[in-house]
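Please look over the sequence and the fold before reading on.

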Amino acid sequence: QLTVLASPPKVQRSMGTAVKNLLPELYGERSLQFLPINSTQVTVSFRNKFSSPYIESYAVSISRLPNSGMEYGPFTLAKTASSYTVQGLKLENGRKYFSNVECCNSAGLCSVANSKPFTADSTPPVTGVIYDSIDRLHEVSYQNLTDLAGSYWQGFWDPESYIGRYFWCAGNTTATNECSLHAWKNLDYRLSIFTQLQTPAKHRSLIYNKVYAENGAGLKSAVLISRGVVVDTTPPILRAIDQNGLLIRVSLRTNPKASDILVEWNAEDEESGIRDVQIAIGTVAGGIQVLNYKSLGPEARTYRLHNIRLPQQTPLHVSLLLLNKAGLTSYHLASDSKPGSAAPIVDYTPPRVRLTFRDQISPPGTADVVCQQQEGEELYSTSRDCVLNDLRDLQFSIASQDNETDIKTCRLLIGESIKGSLAKRTLYQVRK
């Protein structure tokens with residue numbers, strides 16, 4: 001039976017039937033618009049591009065114009081072929097090339113289809129800048145995460161083709177080929193990443209984010225390395241401010257109408273440093289009744305609060321909140337800063353003192369007992385008249401009490417007037 005063929009094979013125009021220029025080792029089945037200038041071959045794919053039950057052969061060629069001025073080929077292929085790798089290429093920089101496929105049937109009638117042009121590219125992408133970042137918006141120098149890394153970059157460009165994709169990795173050194181925390185990962189067109197590390201980083205180590213770009217011709221840029229982010233997993237601490245191991249000292253001074261507060265501490269963070277110190281003062285542990293949390297800055301080591309008017313016997317609880325540059329915080333209560341510590345109490349009254357003399361002979365004089373409250377001012381008790389003979393034989397006893405504040409020391413002063421004439425002198429000091 002003789003079949004008459006009046007038309008050539010049909011050229012398909014549907015999606016997925018294009019003639020493609022491929023470099024499978026670089027981009028798989030993605031058709032390329034650019035090839036590296038040093039490429040010596042290209043694979044021309046034409047799967048399902050033609051339809052006819054009588055296809056006899058194909059011919060593949062490469063030219064500078066569609067179907068004209070063939071520079072490579074034509075190469076004749078069997079009817080079962082769907083691609084062909086053209087070898088021996090010597091491409092010129094910046095020049096466009098076309099892949100041509102001719103399909104002929106048994107009657108010698110032929111159809112031709114062309115690829116989109118591809119251009120030879122001799123220059124790799126130009127690098128931009130890279131940042132260490134967790135939120136993809138702000139650069140950071142410290143982080144408290146050991147199993148996550150983040151970065152973003154910008155400014156990459158290519159003078160001849162375009163940026164085809166980015167590759168990212170993470171390591172703990174600045175070597176371009178060191179990716180011990182996460183291996184190279186293809187990010188396509190993405191300009192940032194926040195991902196789980198394949199190997200967690202260690203406390204006090206640095207994470208270096210690294211990225212390079214690949215252009216449409218498969219040429220790679222230099223590897224760009226971030227400044228590095230320090231991993232800090234520990235919050236700030238307080239160092240002792242005296243030999244007794246006290247971490248926070250709260251000094252309270254009172255007058256008949258008000259009180260002054262002085263708070264002292266020594267905050268430290270060896271890894272990332274102190275970002276801020278915040279203080280609050282309340283009448284209960286953790287409270288803010290006297291002072292709501294106030295930012296003092298990273299260098300603060302003392303804080304004074306003047307003229308606090310509070311009722312007698314009001315306890316004062318001081319809270320410190322320390323923040324480091326890695327985002328970690330620690331909370332400290334002054335009354336817990338040393339075993340046995342207690343919150344200071346507002347005390348406007350002097351101690352109660354009972355003074356007893358066993359030797360009472362003329363002439364008369366004045367005795368004055370002075371007691372110093374714990375961490376406070378000296379407060380005088382009521383004086384009394386007494387008769388003294390020989391000071392060397394003086395015998396006395398002091399009984400002191402203060403319900404609000406601990407008594408630190410008591411002194412017996414003898415003189416002709418109360419509170420400090422020239423004749424007044426200290427005879428004895430009794431430490432509580």
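In what order do the 3 strands of the open sheet stand, and how are they paired?

## Basis of the report

The model is predicted, so local features are reported only at pLDDT of at least 70 and side-chain atom pairs only at pLDDT 80 or more, whereas totals for chains, interfaces and linings use all residues. Residues are numbered from 1 along each chain as its sequence is written, and side-chain values rest on heavy atoms, with hydrogens and water left out.

## The open sheet

The order is β2-β4-β8, and the pairing in this open sheet of 3 strands is antiparallel. The edges are held by β2 (20-22) and β8 (83-87), each of which has a single partner strand, so one side of each is left without a neighbour in the sheet. On average, and with direction ignored, neighbouring strands of this sheet are turned by 25° against each other; such angles are taken between axes, which are lines fitted to C-alpha atoms, and run from 0 to 180 degrees between N-to-C directions.

Strands here are DSSP runs (E, at least two residues), numbered from the N terminus, and two of them pair if DSSP finds at least two bridges between them. Between β2 and strand β4 (residues 41-45), which run antiparallel, there are 3 bridges, and lysine 20 is found opposite serine 45 in β4.

## The disulfides

A disulfide is a covalent bond between the sulfur atoms of two cysteines. When the whole structure is searched for pairs of cysteine sulfur atoms within 2.5 Å, 2 disulfides are found.

One of them links cysteine 104 with cysteine 110, at an S to S distance of 1.9 Å, and because the torsion about its S-S bond is about 105°, this disulfide is right-handed. Cysteine 104 is buried, its relative accessible area being 12%, while cysteine 110 is partly exposed at 32%; buried means under 20% relative accessible area, exposed over 50%, and partly exposed in between (1.4 Å probe, protein chains only).

Another disulfide is formed by cysteine 169 and cysteine 179, whose sulfur atoms are 2.1 Å apart; the torsion about the S-S bond is about -60°, so this disulfide is left-handed. Cysteine 169 belongs to strand β15 (residues 163-171) and cysteine 179 to the loop between β15 and β16 (182-188), so the pair ties together parts that are 10 residues apart in sequence. Cysteine 169 is buried at 0% relative accessibility, and cysteine 179 also counts as buried, at 19%.

## A cysteine without a disulfide

Cysteine 103 takes part in no disulfide, and the nearest cysteine sulfur, that of cysteine 104, lies 6.7 Å away. With a relative accessibility of 0%, cysteine 103 counts as buried.

Terms used. Helix = DSSP H or I, 4+ residues; strand = E, 2+ residues; numbered from the N terminus.
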